[in-house]
Amino acid sequence: MHVSSSSSNIRPAISCLPSVGEPKPPMIYDGSKVTRLAVMGGSYGNVPALTACIEHARSIGCDGLAFIGDATGCCGHSDETIALIREHFQYLVAGNYEQKAAANEEDCGCNYTNDEDNHYGGIAHVWAMKSLSDENRKWLGIWPDLAHLETRAGRILLCHGSPAQTNEFLYESELDDTRLNHWLDQHEAVGFVCGHSGFTWTRELGKRFAGNCGVCGKPDHDHDAAVHYASIDLTTPTPVANIERVEYDHLAWADQLDAEGVDDVFTIPVRNGVWTCGLLSMPATERVLRPRPNGWLRNVLKASV
Ligand SMILES: [Fe+2]
């Protein structure tokens, strides 16, 4: 973790409400040398998907990698996942899983409103905790709740759920441009990237932007097993977040998780791209199965030849 300056001059008013514990001031990261930024989150212990996303980011020229929380989760394999993050990511923001792990709490802190979703969220957190060493658990506790990445294009605000609350779900169907612009004004940022919900979106706000990078450990409920992250070209006058789609050997991973005893409520989405839980807490407009992307079958058939 590279920190460019002290956070002592940060106003407490712009802290983020964490899932547990006291808010921390935003971390200030020096990203002045970065030309293309990759922002990932929500790996949930999916080691091959995270590995594929890192390789993809390198292949398109990303020279700065940010991870914005929820490294661990339903797949277990927490220590392997964190080893990848320690090796590849310079910029970190805690998600609800990191905050709950650091506090040794049993619930996932996902902010679900449905009991069944909370039940499965708790099981996912059990898988996360039992594959997490105490050393790594303590390390997760030093991740900031918010980050200011100072780049050649201006300040990029990095958060997990929203700049106001670690476990707030920012859904595209409910976006409020006034609120998005307020956060950018408040943080004097040219853009911000969040995650947590699992569903990607991008929004241009004049010469500024906001975006949700999706999650790199789970598909986005559209029959497509690929995972997602965001890339941002910082050499353009007005950077925007681009959503990257990444394939990996999801069937082999689902088979491995099945063999390890992971509940199929978690392996079915890995296998076929359709969510089995978390949906009942969403607004109705987000809960629907997303349309298959144009050309999806042709691409699947081509890949299997
Ligand atoms: Fe989250």
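Which residues of α4 are buried? In this predicted model, local features require pLDDT of at least 70 and side-chain atom pairs count only at pLDDT 80 or more, while totals for chains, interfaces and linings use all residues. Residues are numbered from 1 along each chain as its sequence is written. Helices (H or I, at least four residues) and strands (E, at least two) are DSSP runs numbered from the N terminus. A residue is termed buried if 20 or more other C-beta atoms lie within 10 Å of its own, exposed if 12 or fewer do, and partly exposed in between, with C-beta atoms placed from the backbone.

The buried residues of α4 are Tyr120, Gly121, Ala124, His125, Trp127 and Ala128. Seen down the axis of α4, these buried residues fall within an arc of 155°, so they line one face of the helix; the arc is that of the directions from the helix axis to the C-beta atoms. The face turned away from the buried side of α4 carries the exposed residues Asp115, His119 and Lys130. The cover over the buried residues of α4 includes α2, α3 and α8, contact being defined by C-beta atoms, placed from the backbone, that lie within 7 Å. The 16 residues of α4 should span 22 Å at 1.5 Å a residue, and the end C-alpha atoms are 23 Å apart, which agrees; the expected span is 1.5 Å times one less than the number of residues.

In helix α8 (residues 264–272), the buried residues are Phe266, Thr267, Pro269 and Val270. They cover an arc of only 155° around the axis, which puts them on the same side of α8. These buried residues pack against α4 (115–130) and α7 (250–260).

Aspartate 70 has a phi near 65° and lies in the loop between β3 (64–67) and α2 (78–88). Aspartate 70 is buried, with 32 other C-beta atoms within 10 Å. Asparagine 111 has a phi near 75° and is located in the loop between α3 (96–102) and α4. Asparagine 111 counts as partly exposed, with 18 C-beta neighbours inside 10 Å.

Strands β8 (residues 201–205) and β9 (residues 208–212) pair in the antiparallel sense over five bridges, where pairing requires that DSSP find at least two bridges between the strands. Arginine 203 stands opposite alanine 210 in β9. The hairpin of β8 and β9 has two residues between the strands, and glycine 206 in this hairpin takes a positive phi near 65°.

How values were computed. Contact = placed C-beta atoms within 7 Å.
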